[in-house]
Every structure is written in C-alpha cells, then in structure tokens.
Amino acid sequence: MPQKYYVVWAGRKTGVFDNWPAAQASVDQFAGAKYKAFPSRAEAEQAFRDGAGVHIVRRIGEPRNLKKAERSAAHVAHRSEVSIYCDGACEPNPGNAGSGVVVYRDGQLAELWYGLYNPQGTNNTAELNALHEALRIAEAELKNGFSVEICSDSQYAINCISVWAAGWEKKGWAKKDGEIKNLDLIQDGYAIYQRIKDEDFTLTHVAAHVGTEGNELADRMAMYAALSKTREFKRYDATMNIETLLKMQRG
C-alpha cells in the first residue's frame, strides 16, 4: 500500500504524521477534529501550512476499523466530502418525538432537516427515523460520486442497522428473547445500509453534547420537530446562523 501522510489541523497534537495510528490517537474523540490524508509529505506539509480552511475535513469519532478510517481520510483533492449528522429527541420519553439531520458539504453547513413527529414516540424510534433519513441522503450523495460519513450519537440505532440486523434477517427477523422492537424502521434502514456499506461510506458513533457542532445542530432540529409537531420531514428554511441555531432548545 502506498505511503500516506496525515495532516491534523485540530486535535490533541497538530502537524504532519507519517502513519495513521499516530494521527488517529490525536483525533479520536476530539471534538472539532480536522484532518486529511495526502499521498506525499510535500503535499501534506503544504496543506498544513495552508490551513484547514483550504483542505477542511471534518472527522469526529472513532472509525469502525482501520481500513475504513484510512479510506475515509484519504480523499482526493477534487472530490467533495459530505458529512451527515442525525439525532432524535423525545420529550418526555415516551412522548413527543422528532428527528433532525444536518448536512455539511466541503466542511460547510449546507442543509438542516427536521420532522417525523410522533406523539407517542420514544427516543429510540426518533433516533432510528433520523438515521433512516440520513441513510437516504447518503445514498443520493454517493450516487453523485461523493464520499459520505454519517455521524450518530445513538449506539442503539447504529447497532440495529449495521450489527444486529444481519443476524436477525438470517433468523427470519426474529430473536430468541422476544419481538424485535421498531422492526419496520430497522428493516427500512438496513435495506439502504446494505446497498451502500461497501461504497465510500462510513457510519460513525459520536459522543452526544460534547460541543460537536453537527451533533448539536441535529439535536436542535430534532427538538424543533418535536416541539413544532412537524410530521413531514422537511428542510429548515429559517436562519442558517450557527450561533442562533445553537440557542434553540436542546434535547
């Protein structure tokens, strides 16, 4: 495999790294981490001097495996990256539930989505709804040739789609200790995941409420959906001012 060099603009340590484990140690679970891989040291050093504003990559959270992590970080310069954050909210739980999705393109906030209100929802149904909508957006972006990462703070939703569903499917969508809750949502999300999992796609778990911008904005959209009782999943067309958005009620 050709040598890669990793630039970390924001992390525990910044600079140019000649191996992924060292770079990964600097960015894992670091809120606001920014890094990218380059094919030569010269390009990496120039990129570090240029700054993240020119070569921005948002990568927050622990990759599922090394191969995926290296592939996710090693984007060629002419391709755009799409980062999608999704979250669900329910107040109380169970009760008024809503889902939110945030889309970044080239590291810049591009779209906000909210809706899927359920007056008798749960936090888990809201999270699965949000992930399902994120997967739908991801599939469309992948078809357009972009690399995509989905970030969710729900380990439950991620496991349902990417870990447990395969086993449940082999057993006829059943498990030994009873029914599979939220089965329809899981099957819908799993169908999309199966189509895109081997493409330039990463599904990442991120910590909730640690200041990660995308995660916080997705939370605000989910709460907005629950409070406004918006059943349709629709694009948020009001202010895109991040400071103002973050002042909205949180989940």
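Start by selecting Ser154: leaving aside residues up to four places away in sequence, Ser154 touches Glu127 and His205 (contact means heavy atoms within 4.5 Å). You are looking at a predicted model, where local features need pLDDT of at least 70, side-chain atom pairs count only at pLDDT 80 or more, and totals for chains, interfaces and linings use all residues. Residues are numbered from 1 along each chain as its sequence is written, and side-chain values use heavy atoms, with hydrogens and water left out.

Ser154 sits in the loop between strand E7 (147-152) and helix H6 (155-170); helices (H or I, at least four residues) and strands (E, at least two) are DSSP runs, numbered from the N terminus. With a relative accessible area of 6%, Ser154 is buried (buried is under 20%, exposed over 50%, partly exposed in between, with a 1.4 Å probe and protein chains only).

Next, turn to the rings. The structure holds ten aromatic pairs (rings of Phe, Tyr and Trp, the last by its six-membered ring, with centres within 6.5 Å; planes under 30 degrees apart are stacked, over 60 edge-to-face, the rest tilted). Select Tyr85 and Tyr104: their centres are 5.8 Å apart and their planes at 75 degrees, so this pair is edge-to-face. Tyr85 lies in strand E4 and Tyr104 in strand E5, so the pair ties together parts 19 residues apart in sequence. Both Tyr85 and Tyr104 are buried.

Then pick Trp113 and Phe233, whose centres are 5.9 Å apart with planes at 10 degrees, so they are stacked. Trp113 is partly exposed at 22% relative accessibility, while Phe233 is buried at 14%.

Finish at Tyr114, Tyr224 and Tyr236, which form one aromatic cluster.
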